[in-house]
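This briefing is meant for a reader who is meeting the structure for the first time. Please keep the sequence and the 3D view at hand while going through the points, which are grouped by topic.

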Amino acid sequence: MKFMKLGSKPDSFQADGDNIRYVATELATDIVVNVGDVKFYLHKFPLLSRSARLQKLVANTNEENNDEIYIQDIPGGPAAFEVCAKFCYSMTVTLNAYNVVAARCAAEYLEMYETVEKGNLIYKIEVFLNTSIFRSWKDSIIVLQTTKSLLPWSEEIKVVSHCLDSIASKASIDTSKVEWSYTYNRKKLPSENGNDPHWNEVKKHQMVPRDWWVEDLCELQIDLYKRVITTIKTKGGIPADVIGESLKAYAMRRLQGFSKGMVQCGDVLKHRSLVETIVWLLPTEKGSVPCSFLLKLLKAAILLECGEMGRRELMRRTGQQLEEAMVTDLLIHASPGEATIYDVDIVQNLVEEFVIHDRSAPGENEFQEIRSPGFVPEASKLMVAKLVDGYLAEIARDPNLPLSKFVDLAEMVSGFSRPSHDGLYRAIDMYLKEHPGISKSERKRICRLMDCKKLSTDACMHAVQNERLPLRVVVQVLFFEQVRAATSSAGSSTPDLPGSVRALLPGGSHGSSRSATTNTEEEWDAVPTAEELKALKGELATLRLGAGVGGCSDRSGNELNDGPKSNAENVAASKVKGLLMSKKIFSRLWSSKEKLGENSSSDTSESPGSANAEETKSTPSRSRRHSVS
């Protein structure tokens, strides 16, 4: 820390208790100066020789035959006045970053100008500030902190503006020219800790990180921090992502619990002002701050009931880069009194902002496609779709979550093309598991969200054994899995399906009496029984075997079954075969398969399914019948 010593005489100021100060000399004092609640017993000559204001005050007291004057509003109080008085007596006084501003403001109050006496206190302090303090990084920050208690004097004598300019200039300087000490607790570079493999026993100049100044500024109060960051942004030269890193570090330091997505109880007004200021300071450039940081700010803004404009700005900024978010970032708890655990409306608004931004930025997308044709926007959509699928799987565990909120959010990303619906299937299955009491129509509605053709093999294995899915969905999964397996083995677009199935397709023969079997919508939307699922498994095994050998009769399929069937199993098998022989249903399924579009049509699109392959496991018996797909 820089310091300056003034005067050469020994300090002879003495104290008598807490409220009396005097100069220990043989010469009797002839004036009493009251500063606040402290009395100073001093001599007129040294004081009047350097202070124009004291000259005026003493002149007034002489007219009243009074040797006592009062100074109640001097900046810095008794301590600052004592520094000025010692300077008048030419006693030794030490100035540093902590007391120099108070002394400068007090000298301004006492009018200790050059016109009163050459080499006066104001001149000497200005020299010290300009040649030492403002050239020091940390001293400039300390001085700026001390100015707050000395307003408006520190503003009027331009100490604040000089501090801001000094700090901003140093933060904006080329990192290769940084030669002063700074606080930096982040992970150091290999060259800085001596572990660089390319060191070759030659000491290199330590590299200074771009955000070397971030942590030191966290010491400032929010109002001063705001002015510093604004000045830095005005000067330019600092990348937007470094400004964003500074805001993130400040929030982490000043808001307890912020790193965990919460704000601990305390001074609500102070915390609210801090969050609103950080939002106001956010750089305008997209990607300048991480999406996770924006979401933490949004959580804090909601918790602290910040202004609507600030929250809307955070929603807009977050929605523009929603593809960077994680599922845990979106789990924002609902307000007290709400029935649901999480605030789903917030996430819906974020997805809506993403969609709006995607539609309203054709120029940006055109530039992206020139740079990398079709990759960036489609990749972002895919990431958001996966993010929503994961979020749906989490909120599906809430027993109070209305089906409409689940469906509405899923439909917002239904137009985003993605190769797999496994994540969506997992979310749907979780919702069905946690809400067993929903109606058949509601099951049909939620299952309509997924596309069975986009299920992985593992998801199909899970779906055909899932007792929570409507029978319609299970049959569709069986069909499309067989089509995929047959296509893979035959190497053609039209697989050689078993005769019993081929007869059901348009143009096929319908000689079997079972093809005339009709099934009501209720049968298709009903949840299959265990026996029906077992029968469906047998049909799948038959179809798989048929695909593997180029066609197989029902007889050979029945040979796969172990042992005689019970009556219940025979009834279930008969029912399932009847369902599979329905010309109406399979005609719809097959025409959906031949369209090969992004979205299935008719009944096919009404009950698609998908599962997370990493989180769903098939039973050993199903794994043994795993087909190549």
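Predicted model: local features only at pLDDT ≥ 70, side-chain atom pairs only at ≥ 80, totals over all residues.

His333 counts as exposed, because its relative accessibility is 55% and the cut-off for exposed is over 50%.

**Around His333**
- His333 sits in the loop that links helix 16, residues 327-330, to helix 17, residues 344-359.
- Leaving aside residues up to four places away in sequence, His333 touches Ile341, Tyr342 and Asp343.
- Val344 is eleven residues from His333 along the chain, and the C-alpha atoms of the two are separated by 8.9 Å.

**The chain as a whole**
- The protein chain has 31 helices and seven strands, and of its 629 residues 49% count as buried.
- Among the contacts in the protein chain with a separation of 6 or more, 74% are between residues 24 or more positions apart.

**A buried histidine, His435**
- His435 lies in the loop between helix 21 (422-434) and helix 22 (440-447), and with a relative accessible area of 9% His435 is buried.
- When residues up to four places away in sequence are not counted, the residues that His435 touches are Ala396, Asp398, Pro399, Asn400 and Leu401.
- For Pro399 there is also a polar contact, in which its backbone oxygen lies 3.4 Å from a polar atom of the His435 side chain.

**Helix 6 and its cover**
- Helix 6, which runs over residues 137-147, is mostly covered, since nine of its eleven residues are buried.
- The buried residues of helix 6 are Trp137, Asp139, Ser140, Ile141, Ile142, Val143, Leu144, Thr146 and Thr147.
- Their cover includes helix 4 (100-109), helix 7 (153-156), helix 8 (159-172), helix 10 (214-217) and helix 11 (222-235).
- At the start of helix 6, a side-chain oxygen of Ser136 comes to within 3.3 Å of the backbone nitrogen of Asp139.

- Helix 12 (residues 240-254) packs with helix 13 (residues 268-281) at an angle of about 175°, and their axes are 11 Å apart.
- Helix 12 is therefore roughly antiparallel to helix 13, as angles over 145 degrees count as roughly antiparallel.
- On the side of helix 12 the contact is made by Leu247, Tyr250, Ala251 and Arg254, which meet His271, Leu274, Ile278 and Leu281 in helix 13.
- By residue type, this contact of helix 12 with helix 13 divides into six nonpolar, one polar and one charged.
- Pro239 is found in the loop between helix 11 and helix 12, where Pro239 counts as partly exposed at 33% relative accessibility.
- Although Pro239 and Asp211 are 28 residues apart along the chain, their C-alpha atoms are separated by 9.8 Å.

**Cysteines**
- A disulfide is a covalent bond between the sulfur atoms of two cysteines.
- The count of disulfides in this model comes to zero.
- Cys88 is in no disulfide, because the nearest cysteine sulfur, that of Cys84, is 7.0 Å away, whereas a disulfide is counted for sulfur atoms within 2.5 Å.
- Cys88 is buried, with a relative accessible area of 7%, and Cys291 likewise counts as buried, at 1% relative accessibility.

Note on methods
Residues numbered from 1 in each chain as written. Heavy atoms only, no water. Axes fitted to C-alpha atoms, helices over the stretch in contact; angles between N-to-C directions. Helix = DSSP H or I, 4+ residues; strand = E, 2+ residues; numbered from the N terminus. Parallel < 35°, antiparallel > 145°, perpendicular 65-115°, else oblique. Contact = heavy atoms within 4.5 Å. Nonpolar A, V, L, I, M, F, W, Y, C, P; charged D, E, K, R; others polar. Buried < 20%, exposed > 50% of the residue type's maximum accessible area, 1.4 Å probe, protein only. Polar contact = N/O pair within 3.5 Å; in protein donor to acceptor, adjacent residues only side chain to side chain.
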